[in-house]
Amino acid sequence: MLTIGGNDARFDNKIQTCVMEGCPSEASMKEDIDNAVAETRTVLEQIHALAPNATISLMGYPLLFSRTQACSTLVSASQRVILNDMAEYFESKQRELALSMSASNVRYRSPQAAFEGKRICDSPEGINGVVAGPNGDGDFHHGDKNTQLCWFTGDTCLSRKSYHPNQTGTSAHAQAFMTASPLSAATRQGR
């Protein structure tokens with residue numbers, strides 16, 4: 001089982017851009033997602049070549065934000081809709097990829113049902129909102145080792161834990177893995 005998630009599609013950068021400048025164009029976000037999915041195909045092909053009899057489960061990317069609960073975050077309500085739409089696009093592309101590779105024993109697992117009621121703004125949140133931390137070493141660096149996302153003040157930076165699953169979210173991912181998605185079940189029945 002593996003996930004190719006938001007970091008691979010540069011979602012961390014998209015959230016930062018949404019907050020600081022306004023969300024990037026839909027076309028540029030889809031391009032990054034498409035590139036991440038193309039890289040995922042390469043990884044899945046390599047795994048299949050090394051373990052041709054293994055079943056490979058590709059876990060999808062959950063929507064980050066609740067669609068029903070409002071809350072105060074750095075990301076506006078309209079930006080949350082855009083980012084959730086891009087997460088849905090990402091999931092659809094991963095689902096298509098898994099289906100196209102079903103002969104290589106690739107199966108898709110959707111995390112959406114397991115994350116229902118556990119997204120940012122829900123209670124409990126299974127995905128962290130903004131997590132602040134001190135300016136310095138640790139997980140607060142972004143990309144280049146010397147570049148930090150210090151959105152708040154010079155002494156407070158954005159942790160890489162921000163917009164990532166927490167313990168509740170990790171349990172939701174495990175639940176999604178243990179519960180076969182409808183596509184996975186349909187694919188197995190058709191074999």
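Tutor: Helices, of at least four residues, and strands, of at least two, are DSSP runs numbered from the N terminus. The model is a predicted one, and on this numbering N105 falls in the loop between helix 3 (77-100) and strand 3 (106-109).

Student: Is N105 buried or exposed?
Tutor: The cut-off for buried is under 20% relative accessible area. N105, which has a positive phi of about 65° although it is not a glycine, has a relative accessibility of 14%, and therefore counts as buried.

Student: What is the phi of C121?
Tutor: C121 is placed in the loop between helix 4 and strand 4, and because its relative accessibility is 10%, C121 counts as buried. Although C121 is not a glycine, its phi is positive, at about 90°.

Student: Which peptide bond is cis?
Tutor: P124 belongs to the loop between helix 4 (112-115) and strand 4 (132-134). With omega near 5°, the cis peptide bond is the one from S123 to P124.

Student: With which side chain does the side chain of R119 make a polar contact?
Tutor: R119 lies in the loop between helix 4 and strand 4 and is buried, with a relative accessible area of 5%. Leaving aside residues up to four places away in sequence, R119 touches L63, L64, F65, S66, Q112, E125 and G126. The polar contact of the R119 side chain, at 3.2 Å, is with the side chain of E116.

Technical notes:
Residues are numbered from 1 along each chain as its sequence is written. This is a predicted model: local features need pLDDT of at least 70, side-chain atom pairs count only at pLDDT 80 or more; totals for chains, interfaces and linings use all residues. Side-chain values use heavy atoms; hydrogens and water are left out. Buried means under 20% relative accessible area, exposed over 50%, partly exposed in between (1.4 Å probe, protein chains only). A polar contact is a pair of N or O atoms within 3.5 Å; within protein, one must be able to donate a hydrogen and the other to accept it, and residues adjacent in sequence count only if both atoms are side-chain atoms. Contact means heavy atoms within 4.5 Å.
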